[in-house]
Amino acid sequence: MGKGGESQPTKNASGASESSSKEAVEVLINGTLYDVTNMKHPGGSVINFYAGKGIDATQAFDNFHIRSKKAAKYLKSLPSRKPTKKVNSSALLKDFDALTKELEAEGFFKPNYLHITYRFTELIVMHALGIYMLFNGYYYSGAAMLGLASGRCGWLMHEGGHYSLTGNITIDKFLQIVIYGVGCGMSGGWWRNQHNKHHSMPQKLGHDVDLQTLPLLAFTEKVAKKVGMTQKLWIRMQAFMFPVITCFLVATGWQFFLHPRYMLRTKKWGEILTLVIRYTLFYKLFAPLFGVAGVFKLYFFYNSFAADYIFTNFAVSHTHLPTVPKDDTEVDWVQYAAVHTMNCKPGPFNFINWWMSYLNFQIEHHLFPSMPQYNHPVVSERVKVLFEKHGVKYDQRGYLESLRVTFKNLHKVGADVFYG
């Protein structure tokens, strides 16, 4: 991959002969260099993580586009050439590719419509129960139930955003937009653009957007080298502030500034409509019962609960793990999943599987992002065998232990930043 040496001219999609240019920006996929110099990638700027960087993008391309026939067809239309130097794939990557093909052949990437029905039914029941409780005087528990339902909308839209809900990209994208907009007040388009970057290179500085959390939060001192004293003081207290106010501030900032701004800039009128539906329903349902001021108080509590639920569970699987230097070109797809994500054990009666909607299996999710998430516990045993064969640690911890190391990291980073 990269600039390489001179090669014979190749034919492009129109049949015209083209010579490889030393200035061409190329990406290596399945042993072929593709010229993406003038390409506008539909999935956003994530392609720049690989193009011209000397990093093999084979596993990323295959796993991100496993359901897209258009992607493979478009790739073949690009000017291409063979590298002047032979590209050797590691034994680990070869075995991973073989495992991926086996799982695909066995149907692990196919959706289960009974499971989908259960997930949507659960959301409807939880919202109905929360509304019932509020109208019958159970204010705090009712608001908490609605907050939990909103958080679980976040889990379900995550499935849709990976196109692993129904397996139909168009339908899944639509469902994700509706679930995330009405259920969480946020933008599906923004999420897909940013989340793909996280999946490409988790915990890599300058690449993983989940590390770009300032000014409210710092998961590593490496992102907070140039901050003022006021911000240092805030970060010093971040382990305490995270569940108390930070999660709420992040969610509110996304809902009322960052995501609406994205929708307006990109003219996503359908997503704006979901926000109109969300806030109209909330006001019409609860204003007669609580009044205008009461509606704002209810929304604060409901949104705080939802934000704590979703963001805390996100944090336990990544944020306390080692980071990757910005200019690294050695860490591959499997290593990113193995070293820079981790799993939480299912817990008694598989409660954590439900609590985190199977995203406690982050290793499997990062290896196979297009696989329906309820299949992760099943395939995890085969991933363990793969890792054991190649001497790779399979990092799986209890949920409480995961919480402990997450908040310990927040405290340590806060101290490191404050005291310098």
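Arg 382 is partly exposed, with a relative accessible area of 27%. Here buried means under 20% relative accessible area, exposed means over 50%, and partly exposed lies in between (1.4 Å probe, protein chains only). The model is predicted: local features need pLDDT of at least 70, side-chain atom pairs count only at pLDDT 80 or more, and totals for chains, interfaces and linings use all residues. Residues are numbered from 1 along each chain as its sequence is written, and side-chain values use heavy atoms, with hydrogens and water left out.

Salt bridges that share partners join Arg 382, Glu 102 and Glu 106 into one network. A salt bridge is a side-chain nitrogen of Lys or Arg within 4 Å of a carboxyl oxygen of Asp or Glu. Between Glu 102 and Arg 382, the N to O distance is 3.4 Å. Glu 102 sits in helix α3 and Arg 382 in helix α14, so their bridge ties together parts 280 residues apart in sequence. Helices (H or I, at least four residues) and strands (E, at least two) are DSSP runs, numbered from the N terminus. Glu 102 is partly exposed, at 41% relative accessible area.

## Other salt bridges

The structure holds 10 salt bridges. One of them joins Lys 389 to Asp 95, with the closest N and O atoms 2.8 Å apart. This pair also links distant parts of the chain: Lys 389 is in helix α14 (residues 376–389), Asp 95 is in helix α3 (residues 91–105), and they are 294 residues apart. Lys 389 counts as exposed, at 60% relative accessibility. Asp 95 counts as partly exposed, at 23%.

Arg 397 and Asp 395 form a salt bridge too (2.8 Å, N to O). Both Arg 397 and Asp 395 are buried.

## Nonpolar cores

The largest nonpolar core has 43 residues, and Phe 242, Phe 311, Cys 344 and Met 356 touch the most other members. Such a core is a set of buried Ala, Val, Leu, Ile, Met, Phe, Trp, Tyr and Cys residues joined through side-chain atoms within 4.5 Å. The elements giving two or more residues to this core include α4 (113–135), α5 (139–161), α9 (238–265) and α10 (269–315). Helix α5 gives the largest share, 7 residues.

Cys 344 is in contact (heavy atoms within 4.5 Å) with residues including Val 316, Met 356, Arg 397 and Tyr 399, not counting residues up to four places away in sequence. Apart from this core lies another, of 42 residues, among them Ala 57, Phe 61, Phe 387 and Tyr 394.

## A nonpolar surface patch

Residues including Phe 135, Tyr 139, Leu 273 and Phe 301 make a nonpolar surface patch of about 1,000 Å². Patch residues have over 30% relative accessible area and no salt bridge; like charges are joined within 9 Å, nonpolar side chains (Val, Leu, Ile, Met, Phe, Trp, Tyr) within 5 Å. Helix α10 gives the largest share of the patch, 8 residues. Phe 135 belongs to helix α4 and is partly exposed, at 42% relative accessible area.

## A three-stranded sheet

3 strands form an open, antiparallel sheet in the order β3-β4-β5. β3 (26–29) and β5 (80–81) are at the edges with a single partner strand each, so one side of each lacks a neighbour in the sheet. Strands pair if DSSP finds at least two bridges between them. β3 and β4 (residues 32–35) pair over 4 bridges. Val 27 stands opposite Tyr 34 in β4.

Note on methods: Areas by Shrake-Rupley, 256 points an atom, 1.4 Å probe, with all protein chains shown as cover.
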